[in-house]
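Please look over the structure shown here. The notes take the form of questions and answers.

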Amino acid sequence: MNILLVPALAVVLACTAPTLTAQDARLSSWMKEGSGRYARIYQNTAAESAGNAVTTWNRGQGIQSQPTYVGVHEVSFSANWVYVRTTGLGRHVMGPWYLNAAKTQDFPNFPANRAAIYRIPRHPTIPVTKTLTGLGAIGYFVDGVAMFDSRDAFSYSNGNATDATPVNGLQGDGIWNRDAFVNESVTFDAGNAHQAGSQYHYHANPPGLRHLLGDHVDYNATINTYAENATNPHHSPILGWVRDGYPIYGPYGYSSPFDAGSGIRRMISGYQKRDGSNGSTDLTSTGRTTLPAWAAAAQNRSATLATDEFGPGVNATHTLGHYLEDYDYKGNRGLTLATHFDLDLYNGRFCVTPEFPGGTYAYFVSIEPDGTPAFPYNIGRSYYGNPTGDAVTTITESVTVHFEGGPEMADVARFLSVDKPSGDITLTWEGVEGGRYRVDASDDLATWTSLGAATTAPSDQLSKTDVGKATNKDRQFYRLERESLAPFDSNGFAYNNPGGGGLTTITVTISGTNQAPPDLNIAPTVVTFNGSAATYLSRPVRNQVQIQVDLTGLAPGTYTISVTFPGPAGTHTGTYTVVGAPPIANNVLLIILDDWGIDASPLDNTLPVATLAKMPTLQSLASSGLRFTRAYAQPVCSPTRATIMTGRHPFRHSVGNQSTHSTLPTVELTLPEIFTAQGSSYALASFGKWHLGNGNTGPSTAGGWNHFKGFLIGAVADYNLWTKVEVLNGAATTSNNYTTYSTTDQVNDAVSWIAARGTTPWFCWLALNAPHAPFHEPPPGLAPAGGYSAGGGNAGMYRRMLEAMDTELQRLLTNVDLAKTNVILIGDNGSPGQVVQAPFTTGHAKDTLYEGGIRVPLVISGPDVTVPAGSTSDKLVHGIDLFSTVLELAGLNVVAATPGIVIDSRSLVPILKGTTDTADRAVIAERFGSGAGDGRALISDDYPDYKLIIFGDRLSALDTPVFEFYHVASDGNELTPLNISQLSEGQRAAYDHLIALDATLGGGYSDPG
């Protein structure tokens, strides 16, 4: 019989591709096979042993509440660039991950869809001066997984006689840099990868990828292990592309670099340990007192180190190879490249390859004979070429699409078999996992009959059997129709569903006669959108639903969502507005002043005894926008910054004070990380004070800022002589003895960066250190009109510092398009005790939970503030609310961007626009890890005149908490606590409400001893 498989018209993809040349290996080498498959992980060793890989998961920053597709899902190109869209998730099963060899301590993060767009130059160039690799992705492997360099981002701290680590908050000296494979390989999965935040990445030989590419690696699926197998060696395939545009191959190449007929062998690294062989320094004998020549050049310092630059002795903890600088380059030891070793200082060579028969520069993954990674693993400490490739948030030029995969993978007929005895015809297609497919049959191409009900593809392979058909038909035609696609995490996909319309995930606030069920696991029984059935996904909070709907062809307008719950909750409704064009992307400028409470604000302190700074810029900003009269922060700076950055209370993000608990865990999801993960078009930068730890690159590795300039510690020692740090694309540089007045320098950097953005929308975090101590006389040229305020002592200098800062703010705002910029100005905590004034007193100032420590000015002005200019709001708000406010102003959905994460922030946008504000608002201020004075303060909008302070150590279950309860409306300085045993009925109701609020939050402040 004749059998023909006919593709349905709906799944035919037609394109015209340019003729490929050798240079176009940059297009053709990306791994396309299997891109229609969901990414999977083993969550633990039990799942690994059982072969139970899952497509959704949740740990740390790695949250996949919906499945998503593996790796590369689009490759496009222009004349100069190749663009790759990828989820960053491996094609092989990833995981599990542990912190220890016994596999009893979970690694803090799972991987997640990174929605990355990375561009690689098509025409690499070779600079005279080489560039050091930075932290983060230095390229991408062909399966769409990020390539990291040989470091683990931490180094030895000579002054503390220990390594900086992710948990001890030290910065390290940057001289003895820890080797990632040596120090972190215990955390790697079988594919030699783990996560930085949610970013899955390889530091070294990726055996899972190499197995899929057929590069001398065997896989044992029963125990999930890979083993090197160099039998019958052949030239390794391209494993990835480095950001300088050169390929990185697997470990096997031609014996003679320019002779493709010279045989194949494993490429030998050009590095050796400094163990005395070949004339190298024997570090075991000498100690770590010198650097190898390559490292001295890279660090721009002498190879002979000063005593305060020495590393630790070689011992069981700091074994030889613990640091990158434990290796020497063989070329500096009298050995010859291409004779004694194959790979140069950069771990590459000029050679011919199967993809480049005319020759190219190429890197090679270096391994030992058994497949163990060999230093420097992927590439050396510097790029050979000019590293112009990088991550981008959007593709801004015209491109040609070379490949589309993932949900847009073409459905292709792969196999057909006929069982002669039974006449069964079995057909197999390669399609898209989660696709719902219908198979039709015909014997004349005119009349078609479905072979049963449509089925959902369990992987990227779909099979269907036409029972007995070959016994009674002499010819048969088949076609495959993709009817729909299951919901998936589509973040980062430039996606048009080729099978049935495009589904959009929306989050809708609902209301009904009765309350929605408090248990978020109770799903509605019926959900409709515009009168048609919709797909229910989840309930992020009690009165919200997340659903998927088809918006195709809908005219701009407001549409009704109806949700019916079982039982007395009944039916709830909400609305969703379809707009005709994307909202205007206004800029966001967040300005944080250091140590500025309401007592020092001419807007907020109206007491006749107050002596206040002249701040015309501040007053002009308030007159054009909205001022909040009851705004709060944390008692000290680091917790406030962490709270704004994460939208979470301190007991959740663990930053509780400015010294002993001031390091922001890298597992926390931050504002800039959300902008990046959501594929936002906004440019991002941070200037000024960091003070959230994690070493020299903390703003990048913990904060997610790819552009930071400022200082890392709590305060500069001198505003005119300080240490400036720049962290650009993960690489840190330090400038000592910087003499530009720090407030001026921070504004200079912000003005310069903003000016370079052009029409690109931007979010700028400007954390000025003014007016934080040291108190000083500011430059004369920054005085306001009429000159600086008079006054002696710290109080006088503090006011003049504010005035100088206000002058610089005027210069900043003059260089900002205020018609397109939302400006947010807030203090990070109350005024210091040395300068605090009425209505507060020294003991109730900064670093305390009293009003003087946490009440701060807050002004917001800009195009999205539509209440009358000069308005005020007495709503209870907190710096934590700026997290969701900034995201909403930038057009990002907070709930969709933070699935599975407890977010305490409540957007201020309804207040800015004068619409109904339905949020339950409460002020929660916390302090812990400092000793006396630690605790939590609570105010609720249900009883806004009352405040409860619980003094207690959340880190101990042995303390006895002390409760102070105040009527702050009449006792603003909290001098007279109410007698809790003799409260009136109204006072008791407020007290009980705040006690219940504390219990609901948890956190351990009120745990009895």
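Predicted model: local features only at pLDDT ≥ 70, side-chain atom pairs only at ≥ 80, totals over all residues.

Residues are numbered from 1 along each chain as its sequence is written, and side-chain values use heavy atoms, with hydrogens and water left out.

Q: How are helices α7 and α13 oriented to each other?
A: Helices are DSSP runs of H or I with at least four residues, strands are runs of E with at least two, and both are numbered from the N terminus. Helix α7 (residues 616-624) packs against helix α13 (residues 793-814) at an angle of about 50°, their axes being 7 Å apart. Axes are lines fitted to C-alpha atoms over the stretch in contact, and angles run from 0 to 180 degrees between N-to-C directions. Under 35 degrees counts as roughly parallel, over 145 as roughly antiparallel, 65 to 115 as roughly perpendicular and the rest as oblique, so α7 and α13 are oblique.

Q: Which residues of α13 make the contact with α7?
A: Contact means heavy atoms within 4.5 Å. From α7, Pro616, Thr617, Leu618 and Leu621 take part; from α13, the residues are Asp806, Leu809, Gln810 and Leu813.

Q: How many of the nine residues of helix α15 are buried?
A: Buried means under 20% relative accessible area, exposed over 50%, and partly exposed in between (1.4 Å probe, protein chains only). The buried residues of α15 include Asp881, Phe883 and Leu889. For this mostly covered helix (residues 881-889), the number is eight.

Q: Which residue forms a salt bridge with Glu74?
A: A salt bridge is a side-chain nitrogen of Lys or Arg within 4 Å of a carboxyl oxygen of Asp or Glu. Here the closest N and O atoms are 3.1 Å apart, and both residues are buried. Glu74 lies in strand β4 (residues 72-77), and its partner, eleven residues apart in strand β5 (residues 81-86), is Arg85.

Q: What is the relative accessible area of Asp215?
A: Asp215 forms a salt bridge with Arg210, with 2.8 Å between the closest N and O atoms. Arg210 is buried, at 0%. Asp215 is buried too, and its relative accessible area is 0%.
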